[in-house]
Amino acid sequence: MAGRDHEVFEEYLAGYAALLADACATGRRLTRDEIETRRALGERAAEGGFGLRALIAAHLREARLNVPAGAGNPADVLAVVEQTVDAFAEGFERSQLHAVRQEEAARREFIDDLLYGRSDLGRLAERAERFGLRLSHEHAVAIAQGDTAYEEGDTVPRGVERAMISRFGNRSILLTTKDGRLVCVAPGDQDEVLVFFAKQAYAGTGGGHVAIGRPQPGPGGVVQSYEEALSTLELAHRLDLDEPVLRAADFLVYPVLTRDRQAMADLVSSTLGPLQSARGGAQPLLDTLTAYFDCGCVSAEAARRLSLSVRAMTYRLDRIHKLTGADPSDPVHRYTLQTAVIGARLLDWPARPL
């Protein structure tokens, strides 16, 4: 076994026996050039795919075989062995760190291209297989956002990743971070993966929002699902939604409403603009309509949410009717009013002028 190991590692032990013999004879230590040579050999060994433990064992075995008993000062020989192994291991680890950084850079470049669609789709699909994704299939993207920004390697992303691997193993799942958010890309037919990710991310971020895009086919499907999830997160912020998990499929009406911004602005201005003449401005009455519609047009529940008496709530609804000419309790008027209220929240009116 020892002879075979020597043959395998011979090029990485080059000159080592001579160093040991010189140490026995003179008691000297390694020079800077000799240390750098051992580092370079360590780098080459790492690039060759050998294990550091076996290489160190080979160095120790070589020392045992090449140092005669009673030759020189044992402390001098041990010092040279220590210097040699330390320099060799440093070079080995330096090479591995460089490889890891190159891999991280390649992974980050792939993720950027995947989520932004900046690369040739055919080439992107080829690169995706290296990271366990088959872009010819459907994929869906979930995004989690907390109060703080996260980077890969932070405690929260690592915790979520451990939980995902423990539950699903290697199931063509890509976990990463982007712009401070946690991102999970999973096959479109494995919704349980995204649901589990949402639960773990919600717990890990301390109660942030998680948005799940719709499954989309092909290499460009990941970009589409990612953008849907991002838009859903933005809607959650604008509409002040409390739900922890939001699905883009449940919010398809909002892009339709905002597709023509000028038309929506005209609707808000013409329908709700008169509320600005009320004492205190439009915002209190707009909040009244929001609460009223959110609770299914039940005045008592809306009053409770706004910490108002039912009488005060009724007064506000009457005031809205007088100012706008639209009765919130009338089904004919309700749709226009509710659409205008949604538009106001999406356009951040009246905080921002239309």
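## Basis of the model

The model is predicted: local features require pLDDT of at least 70 and side-chain atom pairs count only at pLDDT 80 or more, while totals for chains, interfaces and linings use all residues. Residues are numbered from 1 along each chain as its sequence is written, and side-chain values use heavy atoms, with hydrogens and water left out.

## Overall dimensions

The chain contains 15 helices and five strands. These elements are DSSP runs numbered from the N terminus, with helices being H or I of at least four residues and strands being E of at least two. The C-alpha atoms fill a box of roughly 110 × 40 × 35 Å along the principal axes. The radius of gyration of the chain is 33 Å, whereas a compact globule of 354 residues would have a value near 20 Å. That radius is taken over C-alpha atoms, and the globule rule is 2.2 Å times the number of residues to the power 0.38.

Of the 354 residues, 43% count as buried. Buried means under 20% relative accessible area, exposed means over 50%, and partly exposed lies in between (1.4 Å probe, protein chains only). The accessible surface of the chain comes to about 19,100 Å², with 49% of that belonging to carbon and sulfur atoms. Accessible areas come from the Shrake-Rupley method with a 1.4 Å probe, and for residues only the protein chains shown count as cover. Among contacts (heavy atoms within 4.5 Å) between residues at least 6 apart in sequence, 71% join residues at least 24 apart.

## The sheet

Five strands form an open sheet with mixed pairing, in the order E2-E3-E1-E4-E5. Its edge strands are E2 (174-178) and E5 (245-247), each of which pairs on one side only. From one strand to the next, the twist averages 20°. Two strands pair if DSSP finds at least two bridges between them. Strands of a sheet pair through backbone hydrogen bonds, either parallel or antiparallel.

Strand E1 (residues 139-145) is joined to strand E3 (residues 181-187) by six bridges, and the two run antiparallel. Within this pair, His-139 stands opposite Pro-187 and Val-141 stands opposite Val-185. E1 is also antiparallel to E4, through four bridges, with Ile-143 opposite Ala-211 of E4. Six of the seven residues of E1 are buried, so the strand is largely enclosed by the rest of the structure.

E2 pairs with E3 in the antiparallel sense over five bridges, and Leu-175 has Cys-184 of E3 as its bridge partner. Two residues lie between the strands of this hairpin, in which Asp-179 takes a positive phi near 55°.

## Helices

Helix H7 (residues 155-168) lies across E2 and E3, running at about 20° to E3. Helix H8 (residues 191-204) packs on the sheet and touches E1, E2, E3, strand E4 (209-212) and E5; its direction makes about 165° with that of E3. Axes are lines fitted to C-alpha atoms, for helices over the stretch in contact, and angles run from 0 to 180 degrees between N-to-C directions.

Helix H4 (residues 52-66) has 15 residues and reaches 21 Å from its first C-alpha to its last, close to the 21 Å expected at 1.5 Å a residue. The expected span is 1.5 Å times one less than the number of residues. Its buried residues are Leu-52, Leu-55, Ala-58, His-59, Arg-61, Glu-62 and Ala-63. An α-helix has 3.6 residues a turn, so residues three or four places apart point the same way.

## Two individual residues

Asp-76 is placed in helix H5 (residues 74-116) and counts as buried at 17% relative accessibility. Leaving aside residues up to four places away in sequence, Asp-76 touches Ala-23, Gly-27 and Arg-29.

Pro-244 sits in the loop between helix H9 (221-239) and E5. Pro-244 is partly exposed, with a relative accessible area of 32%. With the residues up to four places away again not counted, Pro-244 touches Tyr-202, Gly-208, His-209 and Val-210. Pro-244 and Gly-49 are 195 residues apart in sequence and 46 Å apart in space, C-alpha to C-alpha.
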